[in-house]
Amino acid sequence: MAGLAAVFGSGAMTNSIEDIEKADVILITGTNTTENHPIIAQGIKRAVERGNTRLVVVDPRRIDLVNQANYWLRQRPGTDVAWINGLMHWIIKKNLHDKEFIAQRCEGFERLAQEVEKYTPEYCESVTGIPSEDIKSVAELIGSAERTSFLYAMGITQHVTGTDNVKSIANLAMITGNVGRYATGVNPLRGQNNVQGACDMGALPNVFTGYQPVTDPDAQKRCRDVWGAETLPDKTGMTLTQMTPAILKGKIKGMYIMGENPVISDPNSSHVEEALEKIGFLVVQDIFLTETARFADVVLPGTTWAEKDGTFTNTERRVQLVRAAIDPVGHSFPDWRILQRIAQLMGTPMDFSSPEQIFNEIRRVTPIYAGITYARIEKEGGIQWPCPDIDHPGTPYLHKDGFKIGKGILTPISYKPPAEIPDKGYPLLLTTGRMQFHYHTGTMSRRCKSLNTLAPSPLLDVHPEDAKALGLMEGDMARVLSRRGEIETRVHITKTVNRGEVFTTFHFSESPVNRLTNDALDPVAQIPEYKVCAVRVEKI
Amino acid sequence: MIYMSKAAKTEKNPNQSNGTEKEISLSIDDQDVIVSRGSTILDAARKKGIRIPTLCYHPALPPIGSCRLCVVEIEGIDRPATACNTEALEGMRVTTRSERLFNLRREVIKMILAHHPLNCSPCPINGECELQDLAYEYDISEMDSDEYRIQIEEFPWKPFSTPILDYHPRRCILCGRCVKICSDIRGLGAITMDGAGAKALIKPVMADDDAASLCISCGECMRVCPVNAIEERMGGIKGKPWETKKVQTTCTYCGVGCQLDLNVVNNRVVGVTTRDEAGVNKGRLCSKGRFGYTFIHSEDRLIRPLIRNEKGGLEETTWTQAMTHIAREFRRTKKEYGPDSLAGLSSARCTNEENYLFQRLIRQVFGTNNVDHCARL
């Protein structure tokens, strides 16, 4: 999100789910949409079948949508900047860039053009492994199409060059004029139900709600006034990935974790366990005794979404209602009630009687939510921010009349290799991801009998040639080792992965793959490089 | 050659091109109706609020035309036509109600009921069943179907395309909705109708015996089945329709934000259904959305606060004790080491309101900006 915020002034899906199907070309990269966003994948399939839409898939794995794709570019993991620069090189060379859009809406084109000059299709082929002919064809396809929609997810962001990757996609979209119009755009698909909302609400170390910097005096004043606070901290705080080292160094002494399971979800998890063991005081609020909650000094029982009212904001910025269907189970309480009770006990009055009342306060401090009310959501079936006032219909696509920051910034970016590449000791490249039957760390989906029947155990995808070399058969148990740790998992032999690459999911606490992953971070967004780390596989 | 012609560049936003489409007018039951060209007779009738009974028709699907319940008479044409897949034409005169049509429809339902058991009381959708409503409307009892009754052998249990759904061949009326939604809407074609006449079955499609099923267990077939022939195997007992409360909410899994109805009986969530027009998903769901609700009542749910005891284990405690302890410890840490010695991780699973209060708590009460969540993971 940091990447998009830097070039467009706001980090969110620019367009809507509904318009994806209406694009002439859909380019998806780093999203296994069929597994992670099945309903969006169906829309893409429908569009391709209707015959009006061309689909380009850029992915190291033979994901399901490759079956529908007109082009499948199989890049080496971690070489995204190179192929995107390569597409831009050819688009500019063939004079297919959108000169009018660039002149009116962007700055920095000359420097970008200079940077991509050396990314000839042949050079790109040598770096990415994508045939130069395919780079040319896809560049011409995008360059000549009226509307291209770019979709990506964690396969793009979870690299040390994640921010560079995102900026590169934004560059490509801008020079082809695919921003600020219907059925175009740069569209990051968000993985979790309310990850967009958690960002919108300022559960981030650098911004208040609605992406207002904590360093901005106006935003500070707005929050102080509404919250009745005398002072608020105005120095950017620590990100999740910075917190673990800070705990180990003794800088962080007390921590409150609500509905997160970093022991399973964070990279280099033995490091995380060490930190949580060490921390002075830890409160975990969750619906289950998660791997993380086991480290807590106090565990508080929150509720599931079925037991509370409120709102979620989906990946297309649509604010929708969540309605309590049942009473809280046992002696659990909706999380908002627990939070406000702690504030009260620590001496700050917070006395909301309902989530709707909280939402109305959010509207007062958050310009992009100001026009959204529960009554309107109910009536209109969800509203997409920005919605600055009560008469505003919401915003299906962003940047229609201009970027928030004036002109869109084209950033010249050069290719840098991943932080850890396979070598003699760790010859295989591991990427991690999700599957459709489970969700994140599996605390919810693994407790659903149906879903666990469909996918009862973790699998390591291994290419047949590699399996042969390692003496592995389908269903064998194998040990996977990296410089940081080891796990055991069952082997699935498949050509979905390329030779020299293996893949597994992080849903299964019995094979916690994040013991292996690299906690090397993107320097800007602080995202760990989950998609590339070097491992060795041994038969057990 | 794959890339677009330059001509394509001039076309307008496809959503704005509606004004140019031609309209036609026809008469249905002596009422004039104006509809856009390409509409079916059924569309036209529904637009005017004229009800034509249907069974295989489903608004989320292209017309199937298998049940012949929607027959209507068109002036000048001898044979009755099926309204769901006959195009409405300019000047057409359509009759939807007549003795002949009533009798035809009654025979259709009688034939279906020759196959489908009429012991409705043990059926979970008793009271919310399209076929039951039609049997009532056309006054059909078990005896009326005797003339058609084929002694259908008790079907042995058949495996379905996924282990999480059960298929009941005797309930199945072979309307074809499930096959249609799987092939046309999901684009999978994982199930097919196999066999002839009343003895046909819905079966999984497999390329060969060793091949895995194409089914992805989304349960769309179950969603459109009008007679509950496809049922969730592991969801537990459902309630009767009249004791089931349906609460519309937003799915708790991925970022698409599908709209769904939690089905609640006696303060328990017993299932998930959808409304055809609701949300970005328009009634569709994936396996997680449709079947991933049973964790709500898992035995593992935390139901009381836990606190670490002197032996180092976690034991149950009261809310008052837990909360006082928390407030005291956070205050003490803040006082001793300063606000930046505290940190908070919020949750992408919680609501906006909760995330808002969480960051407010960390910023205003703890006094630090050390707040984040797992957006990056």
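Mentor: Let's start with α5(A), which is mostly covered: 13 of its 14 residues are buried. Keep in mind that this is a predicted model.

Trainee: What makes a residue of α5(A) count as buried?

Mentor: The cut-off is under 20% relative accessible area.

Trainee: Moving on, what makes domain 1 and domain 3 of chain A count as being in contact?

Mentor: Contact needs heavy atoms within 4.5 Å, and 19 residues of domain 1 of chain A meet 24 residues of domain 3 on that rule. The assignment puts domain 1 at 2-189 and domain 3 at 428-539, and their C-alpha centres lie 27 Å apart.

Trainee: Which residues of domain 1 of chain A lose the most area to domain 3?

Mentor: Those are A:Arg61, A:Gln158 and A:Val160, together 36% of what the domain 1 side buries. The area buried between the two domains is about 1,800 Å², with 54% from carbon and sulfur atoms.

Trainee: How many salt bridges and polar contacts link domain 1 and domain 3 of chain A?

Mentor: The salt bridge count is 0, whereas the polar rule finds 9 residue pairs, both partners at pLDDT 80 or more.

Trainee: Now chain B. Why is A:Lys235 with B:Asp340 called a salt bridge?

Mentor: The rule wants a side-chain nitrogen of Lys or Arg within 4 Å of a carboxyl oxygen of Asp or Glu. The closest N and O atoms of A:Lys235 and B:Asp340 are 3.0 Å apart, so the pair qualifies. The count between chain A and chain B is 6 salt bridges.

Trainee: Which helix of chain A gives the most to the side touching chain B?

Mentor: That's α17, residues 335-345, with 9 residues.

Trainee: What tells you the size of the interface between chain A and chain B?

Mentor: Interface size is often given as the accessible area lost when the parts come together. Here chain A and chain B bury about 12,200 Å² between them, 63% of it on carbon and sulfur atoms. A:Ile39, A:Trp305 and A:Met346 supply 7% of chain A's buried area there, more than any other three residues.

Conventions: Residues numbered from 1 in each chain as written. Chains lettered and ligands numbered in written order. Predicted model: local features only at pLDDT ≥ 70, side-chain atom pairs only at ≥ 80, totals over all residues. Heavy atoms only, no water. Buried < 20%, exposed > 50% of the residue type's maximum accessible area, 1.4 Å probe, protein only. Helix = DSSP H or I, 4+ residues; strand = E, 2+ residues; numbered from the N terminus. Domains from an automatic or database assignment. Buried area = accessible area lost by both parts, 1.4 Å probe. Polar contact = N/O pair within 3.5 Å; in protein donor to acceptor, adjacent residues only side chain to side chain.
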